[in-house]
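Please look over the model shown below with the following briefing at hand.

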Amino acid sequence: MTAPEMTPRDDNIDKELPLFDHLVELRNRLLHSVLAVLVAFLPLYAFRNEIYAYLAKPLRAAMPEGATMIATEVASPFLAPFKLTMVLAIFIVIPFILYQIWSFIAPALYKHEKKLAIPLLVSSVLLFYLGVAFAYYVVFPLAFNFFASASPEGVTVMTDINKYLDFILKLFFAFGFAFEIPIATVLMVKVGITNVASLREKRPYIVVICFIIGMLLTPPDVISQTLLAVPMWLLFEVGVLCSRWVEPTADSNSESINT
């Protein structure tokens with residue numbers, strides 16, 4: 001039996017770079033990432049109010065006729081769209097930022113590690129975007145309609161634009177990171193923290209944990225909690241299924257010991 005390939009990315013790299021060179025490279029990649037965010041932010045800033053109006057559509061559609069959003073602070077009409085545009089710029093350049101991180105750490109990885117890391121990076125970005133889209137197009141309309149219908153008689157729904165922005169950003173990140181469950185599951189199995197058989201045995205506990213996380217990360221309503229918990233459970237099942245392809249076998253373990 002042959003040992004797995006342990007050759008770094010560049011075969012001509014015979015010595016490690018000095019610490020100063022690593023720090024310089026890290027600084028350059030951080031600067032490139034910041035510059036990319038600014039490049040994405042500047043053209044978006046011209047449409048900041050339109051972007052905010054689009055993001056507020058699910059709430060405005062659920063509000064009673066004649067109700068409007070309000071700004072309770074002097075600078076809110078400027079700061080809320082500005083903050084949203086900056087976050088959107090970061091969302092857009094996430095692939096470039098991850099590429100900079102990858103380029104910095106890739107020389108230290110072996111070929112078999114890079115074969116696994118590249119698809120995991122790509123799929124993690126796609127899953128994060130999918131989680132954000134699921135929150136906006138599925139969760140928000142249902143949750144806001146529920147909130148509006150639960151409003152007591154005589155109470156006018158008038159949501160502050162800053163409070164709304166903080167609320168939806170929290171849910172965006174909650175659903176975005178929740179959709180990373182398959183990646184986390186695959187990595188845990190790959191590095192030997194757990195195995196597929198153990199994950200299947202713990203399935204009932206995982207389901208309960210998903211609903212607890214949904215309760216903690218979402219507003220106190222059954223709809224949004226369920227809309228987070230159920231996809232988390234399904235994504236866990238996807239992760240378990242994919243983990244079968246990366247789970248170390250007895251042969252591979254014995255090869256690692258022999259080497």
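Helix α5 (residues 94–105) has 12 residues, and its first and last C-alpha atoms lie 17 Å apart, close to the 16 Å expected at 1.5 Å a residue, where the expected span is 1.5 Å times one less than the number of residues. The model is predicted, with local features requiring pLDDT of at least 70 and side-chain atom pairs counting only at pLDDT 80 or more, while totals for chains, interfaces and linings use all residues. Residues are numbered from 1 along each chain as its sequence is written, and side-chain values use heavy atoms, leaving out hydrogens and water.

- The buried residues of α5 are Ile94, Gln100, Trp102 and Ser103, buried meaning under 20% relative accessible area with a 1.4 Å probe, protein chains only.
- The cover over these buried residues includes α1 (19–45), α4 (76–92) and α6.

**Overall make-up**
- The protein has 12 helices and 0 strands, helices being DSSP runs of H or I with at least four residues and strands runs of E with at least two, numbered from the N terminus.
- Of the 259 residues of the protein, 36% count as buried.
- Among contacts with a separation of 6 or more, 85% join residues 24 or more positions apart, a contact being heavy atoms within 4.5 Å.

**Helix α7**
- Helix α7 (residues 161–178) has 18 residues that should span 26 Å at 1.5 Å a residue, and its end C-alpha atoms are 26 Å apart, which agrees.
- Asp160 caps the N-terminal end of α7, with a side-chain oxygen 3.1 Å from the backbone nitrogen of Asn162.
- The buried residues of α7 include Tyr164, Leu165, Ile168 and Phe172.

**Nonpolar core**
- The largest nonpolar core has 59 residues, and those with the most contacts inside it are Tyr52, Met69, Phe140, Tyr164, Leu165, Ile168 and Phe172; such a core is a set of buried Ala, Val, Leu, Ile, Met, Phe, Trp, Tyr and Cys residues joined through side-chain atoms within 4.5 Å.
- Helix α6 (residues 111–149) gives the most to this core, with 11 residues.
- Leaving aside residues up to four places away in sequence, Phe140 touches Pro58, Ala135, Ile168, Leu171 and Phe172.

**Packing of α10 and α11**
- Helix α10 (residues 203–217) and helix α11 (residues 222–243) pack at an angle of about 145° with their axes 8 Å apart, the axes being lines fitted to C-alpha atoms over the stretch in contact and the angles running from 0 to 180 degrees between N-to-C directions.
- Residues making this contact include Ile206, Cys210 and Phe211 of α10, together with Leu228, Met232 and Trp233 of α11.

Methods. Buried means under 20% relative accessible area, exposed over 50%, partly exposed in between (1.4 Å probe, protein chains only). A polar contact is a pair of N or O atoms within 3.5 Å; within protein, one must be able to donate a hydrogen and the other to accept it, and residues adjacent in sequence count only if both atoms are side-chain atoms.
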